[in-house]
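Here's a quick briefing to read alongside the model. Take a look at it first, then work through the points below.

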Amino acid sequence: MTIPEICVETLAKALKDREYILLDVRTEEEHEVGNLPCVHIPLHQLMFKLDELDKNKPIAVICRAGGRSAQAVALLKEAGFENVVNVKGGFKAWCDKIDPSFKVG
């Protein structure tokens, strides 16, 4: 399965325009250190909380560096979510390219 991706620059604009729901699949500890306005469901809980997400809205999935979010995109696609993308480079890329005031955690 090919995992569709979105770069943080495109995501930043899309979030301003409210084009995507941002789903953060990092751990509680990582999320507390630094986070964006998002739905937070750690990856290990995601399959039990699919009903908390709207299948009709585009979802961008983020983690620390892109690995766990790619797993989450695959899981969501298998569960019938069609418009889901992985944030390339994750929160690290966001901190590097969009907002260096955030801490990666």
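Contact here means heavy atoms within 4.5 Å. This is a predicted model, so local features need pLDDT of at least 70 and side-chain atom pairs count only at pLDDT 80 or more, while totals for chains, interfaces and linings use all residues. Residues are numbered from 1 along each chain as its sequence is written, and side-chain values use heavy atoms, with hydrogens and water left out.

**Overall layout**

- The protein has five helices and five strands; these are DSSP runs numbered from the N terminus (helices are H or I with at least four residues, strands are E with at least two).
- Reading from the N terminus, the elements go β-α-β-α-β-α-β-α-β-α.
- The radius of gyration is 12 Å, close to the 13 Å from the globule rule for 105 residues, so the protein is as compact as a globular protein of that length. (The radius is taken over C-alpha atoms, and the rule is 2.2 Å times the number of residues to the power 0.38.)
- Along the principal axes, the C-alpha atoms fill a box of roughly 35 × 25 × 25 Å.
- Of the 105 residues, 39% are buried, meaning under 20% relative accessible area with a 1.4 Å probe, protein chains only.
- Take the contacts between residues at least 6 apart in sequence: 65% of them join residues at least 24 apart.

**Helix α4**

- S69, A70, A72, V73, A74 and L76 are the buried residues of α4. They pack against β2 (21–24), α3 (43–46), β4 (59–62) and β5 (84–87).

**Helices α1 and α5**

- The axes of α1 (residues 8–16) and α5 (residues 90–97) come within 10 Å and cross at roughly 85°. Axes are lines fitted to C-alpha atoms over the stretch in contact, and angles run from 0 to 180 degrees between N-to-C directions.
- The two helices α1 and α5 are therefore roughly perpendicular (65 to 115 degrees).
- V8, E9, L11, A12 and L15 of α1 meet G90, A93, W94 and K97 of α5.
- Those contact residues divide into six nonpolar (Ala, Val, Leu, Ile, Met, Phe, Trp, Tyr, Cys and Pro), two charged (Asp, Glu, Lys and Arg) and one polar (the others, Gly among them).
- In α5, the buried residues are G90, F91, A93, W94 and C95, and their cover includes α1, β4 and β5.

How values were computed. Buried means under 20% relative accessible area, exposed over 50%, partly exposed in between (1.4 Å probe, protein chains only). Angles under 35 degrees count as roughly parallel, over 145 as roughly antiparallel, 65 to 115 as roughly perpendicular and the rest as oblique.
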